[in-house]
Amino acid sequence: MTRRSCGALRAGDTGAAVELCGWVHRRRDHGGLIFVDLRDRDGLTQIVFNPQQDAFRNAERLRAEDVVRVQGTVRARPAGTENEKLATGSIELAVDSLEVLNRSLVPPFQINVDENVDEGLRLEYRYLDLRRPRMQRNLTIRHRIIKAMRDFFDSREFIEIETPLLIKGTPEGARDYLVPSRLYPGHFYALPQSPQILKQICMISGFGRYMQIARCLRDEDLRADRQPEFTQLDVEMSFSTQDEVLETMESCMRYVWKRVLERELPPFPHLRFAEVFERYGTDKPDLRFGLELVNVSDVFASTEFAVFKSAIEGGGTVVAVRYPGGAALSRRDFDTLTEHAKSVGAKGMVWISLGAEGIKSSAQRFVSEDDAREIAQRAGAERGDALLLFADARDAALAAAGKMRVEVARRSGLCRDDEFAFCWITEFPYLEIDAETGKPAPAHHPFTAPMEDEWDLVERDPLRMRAQHYDMVLNGYELGSGSIRIHKPERQRRIFEMLGMTQEEIEAQFGFFIRALEYGAPPHGGMALGIDRIAMLACGEENLHEVIAFPKTQTARDLMMDAPAPATEKQLRELHLRPQPRG
């Protein structure tokens, strides 16, 4: 008697005596026979109970999610009853013996049906949710992605080095999770937002090629594509150029997609930050479709339309987006679309419909047919399409148009989950203005090197500096960022000074790192890719919860374990803490 998995049996196993263990997926009583679909991680097998067998009486009491062990003989299904949707659909198991290993309560939702279930309920009963075939498939794909990554980097002589979770806080753009020290009252560890400094120290230590599947934590507001704790592929290379890092990371993704999804990826296009924002209104463009933005400010240079006139005279711009087939929309549809545009940051929206019966517009008095034809020609629009126009300050108009470009593509069916459009974004500004403080801050992190021929701008005009920083983007999502690092101590110190840090602050936060750079640090660079996002897109999902075993809610709670939870008074005393009243 051989134990097999529930997804392994085929026609070639007919006549074999086997044992199966799993969960009751579904039970059906037909004409005196009882049919049960038995499920494990590998799939389903139909098992059959005959009234002449002793096991039949126990089978009558089986219900969904009971755990059983059965033994029997594999046989071909009767002609006409095969199930082509199942890998095991040509056979069934005639059961001789049944052992109920454990009974199940009635689940709070159906596991044998892929239906919409309240997310809070799913997370509270995550151990049941994870039994669903969709979740088992997703986590299996995630496992294979990570294994392929490790195989790829091992083949290129990288070594995986584990870095600690209890470290000193470093600036990574979000709040740290802090862990109080019992042995050092009033002192705290920080949980790593990334292993950035530690992997650079690995380069200083002479390891040359480092990688790690790293756990990272950031105390920030959550979104569908972000969690407080996440997993990333972390890579660093000594004596490397930007092109060498990009080739390595692109080759890794090609390898992963070939091994896991059996898909060949074309070369990744390289786009400069300045051009990508003009063309797509974002530095994370979705390239599965065209619909590039078009600057049409000159068309309305002498317009009397107040909305366009005020934007242009204020140094702003008018941007157009093509809507394929949009002429079929009603005025009510356009009104709904306008409200959506406002919800994503637009002040308003003007539409032009290129219908068979003529050209119509929500600003009919101010948009002539010649204007409409000129805009249509630039946007590549045809009869039957529509054009959406946005006027505002340059960056605001481009950003709103970029979001509406994606919405138009979604409504037009241009965003296919089984299509993968990667690209590289390069030549980012070194600094950006922090929204909270209004002061310049690194667009990436302060260990990034400026473009080699722009170091003089540190003293003269730092806001004009560009960084040796690059992003990998897939289908409108940033998968990760990387850069060539500063490897000379005096240059690293100068960047800290440029950011307004005093010598005392530099020493307190980064003194150990500056000293490490003083002992012969090699040129180096690297990158980190978000495995959660990679798995989400590879699986065709829209939410990270679908590819993470135990995710947090939008309010950073674990509903299954009810965490975070209050500490006991004893724990607080040991940590030299005292509770603060809420509010």
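The model is predicted, so to speak: local features need pLDDT of at least 70, side-chain atom pairs count only at pLDDT 80 or more, and totals for chains, interfaces and linings use all residues. Residues are numbered from 1 along each chain as its sequence is written, and side-chain values use heavy atoms, with hydrogens and water left out.

Here's the chain as a whole.

| Feature | Value |
|---|---|
| Helices and strands | 16 helices and 23 strands |
| Box of the C-alpha atoms, along the principal axes | roughly 90 × 75 × 55 Å |
| Buried residues | 48% of the 583 residues |

Helices (H or I, at least four residues) and strands (E, at least two) are DSSP runs, numbered from the N terminus. Buried means under 20% relative accessible area, with exposed over 50% and partly exposed in between (1.4 Å probe, protein chains only). A contact means heavy atoms within 4.5 Å.

Now for helix α14, residues 503-517. If straight, its 15 residues would span 21 Å at 1.5 Å a residue, but α14 spans only 17 Å between its end C-alpha atoms. (The expected span is 1.5 Å times one less than the number of residues.) There's a kink of about 85° in α14, centred on phenylalanine 510; the bend at a residue is the angle between axes fitted to the seven residues ending there and the seven starting there. Phe510 is also one of the buried residues of α14, which include Ile506 and Leu517. Those buried residues pack against α5 (196-204) and α13 (489-498).
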